[in-house]
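User: I am new to this structure and would like a friendly tour. Could you take me through it by question and answer?

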Amino acid sequence: MKHILIVDDDPVSILILKKNLELIHVTEEITTFSNGKEAFVFFKEQYNEEENYFIFLDINMPHMNGWEFLNEIDPFVKKINTYIFILTSSINKVDMDKATQYLLIEKYLTKPISKDALKEIKDKNDL
């Protein structure tokens, strides 16, 4: 089973991403969380090593930001079934460099994500 998760506090960004996923024919159900804390609870309760997780993760969010979320899930999720795509408005080099420190991060992308970038992710990762 594939899980597609969007972790972002901006409803407009979520809407755009969902619409673009539809346009490239991603048909799996999409689950959204408005902060890292909500997504972390989901992972603590439902993570299954037999299933695949594709996460589009914003960095700047209230309650638990993207970096904090990554630190919390890192000890128990597996790289083999968890694919994280940072999707943020931050073009800060510090954030881009920090992203390279996390093995779970597949790619660092800036908002708004293009349909072509999503298609590339879909093709490469069997999304």
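User: Which residues does D58 touch, not counting residues up to four places away in sequence?

Analyst: This is a predicted model, where local features need pLDDT of at least 70, side-chain atom pairs count only at pLDDT 80 or more, and totals for chains, interfaces and linings use all residues. Residues are numbered from 1 along each chain as its sequence is written, and side-chain values use heavy atoms, leaving out hydrogens and water. Contact means heavy atoms within 4.5 Å. By that rule D58 touches V7, D8, D9, G66, L87, T88 and K111.

User: Is D58 buried or exposed?

Analyst: D58 lies in the loop between β3 (52–57) and α3 (66–73); helices (H or I, at least four residues) and strands (E, at least two) are DSSP runs, numbered from the N terminus. Buried means under 20% relative accessible area, exposed over 50%, partly exposed in between (1.4 Å probe, protein chains only). D58 has 4% relative accessibility, so it counts as buried.

User: In what order do the five strands form the open sheet?

Analyst: Two strands pair if DSSP finds at least two bridges between them. The pairing here is parallel, and the edge strands, each pairing on one side only, are β2 (30–33) and β5 (105–110). The order is β2-β1-β3-β4-β5.
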